[in-house]
Amino acid sequence: MSDGGSGSFMGIERLRILRELADRGTVAEVSRALSMTPSAVSQQLKVLTREAGVALLEPDGRRVRLTAAGRALVVRADDVLAAMDRAVAEMALYRRSPRGQVRVALFPSGAALLLPKVLAALADSGVEVVARDEDVPPTEVPRLLADYDVVLTHRDERAPSLAGPRVEAEVLMREPIDVVVPPGHRLAGQGAVVPAELAEETWFSVRGGFPVDDVLRSIATITGVQPRIAQRLNDFMVIEELVAAGYGVALIPRFSVRHPELGVLRLAGVRAARLYEVVTRPHAEDRPAIAAVLTAFRSAAALVTSPDGPRH
């Protein structure tokens, strides 16, 4: 393999380094992720530039950033690396079954709902799911693909899909978001509530950028009243306890409500739901182990949303 000359063969590992730079943003982060020195990373990128015969990087203050050619090559690098993964997967097929680890990131309430079913479906399959909770806003999800094969995320149903040239996204299910009120609350006996009835309430919400907060902002738009938010917490169990104690009301996704004493009200007049989405690299499903994990997620979501199936 030649390291010099325009148009010469581009090394796969150098393409991997370029992709890591696109994902992680800095040479220092790439060096940490790949257990290389920063100087070695920089040297390999210089070699790749010579191989490509066109500038792939340009100065950006004390850092570097990808040129238009560099960004285009990253998309092709995804294809090349996916092809290598497929080759490895084909060898796995000769061993008669999908095997190996699949790294999965999940937001906590989605993990509580789906992960037990996914693990049950994959028991004795030869596929090992290595799961970790990652609670980030949808805009930050693509960066997780630097470290994970599959990411389960959630977004407001009115928000755009995360799919793009380097990201594949599939909607698994829709989960309504309901209003929960403490026992004895003036609205507790109602089956549904309209935004105007909630204008003077004290709220518990999640951090900004997450679907529940998007719905609360929609309520504010409809009523013209900014919600009085007492606390922002991303743990629905904590929020439920605070609501049950009478400190306020909250929006909680329907399948996450656990507290038996809370009044659960459908929110009328607002599109109030979140979508569960699985995100992968393009062609990731060509790997049998990842395909098995995605199939397990689809089955788990179908079980949860089935009228006759268990939800928890």
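Predicted model: local features only at pLDDT ≥ 70, side-chain atom pairs only at ≥ 80, totals over all residues.

Biologist: At what angle do helix 5 and helix 9 pack?

Modeller: In general, two packed helices are described by the angle between their axes and the distance between the axes. Helices here are DSSP runs (H or I, at least four residues), and strands are E runs of at least two, numbered from the N terminus. Axes are lines fitted to C-alpha atoms, for helices over the stretch in contact, with angles from 0 to 180 degrees between N-to-C directions. Helix 5 (residues 108-122) and helix 9 (residues 288-305) pack at about 125 degrees, with axes 8 Å apart. That makes helix 5 oblique to helix 9. As for the classes, under 35 degrees is roughly parallel, over 145 roughly antiparallel, 65 to 115 roughly perpendicular, and the rest oblique.

Biologist: Which residues of helix 5 and helix 9 meet?

Modeller: Contact means heavy atoms within 4.5 Å. On helix 5 they are L113, L114, K117, V118, A121 and L122; on helix 9, A292, V293, A296, F297, A300, A301, L303 and V304. This contact has 13 nonpolar residues, no polar and one charged. Nonpolar covers Ala, Val, Leu, Ile, Met, Phe, Trp, Tyr, Cys and Pro; charged covers Asp, Glu, Lys and Arg; the others, Gly among them, are polar.

Biologist: How do helix 2 and helix 3 cross?

Modeller: The axes of helix 2 (residues 27-34) and helix 3 (residues 38-52) come within 8 Å and cross at roughly 105 degrees. The two helices are therefore roughly perpendicular to each other. V27, V30 and S31 of helix 2 touch P38, V41 and S42 of helix 3. That contact counts four nonpolar, two polar and no charged residues.

Biologist: And the strands: in which sense do strand 8 and strand 10 pair?

Modeller: Two strands pair if DSSP finds at least two bridges between them. Strand 8 and strand 10 (residues 249-253) pair in the parallel sense over two bridges, and W203 stands opposite V249 in strand 10. Strand 8 (residues 202-205) also runs parallel to strand 9 (residues 228-232), joined by four bridges. There, F204 stands opposite Q231 in strand 9.

Notes:
Residues numbered from 1 in each chain as written. Heavy atoms only, no water.
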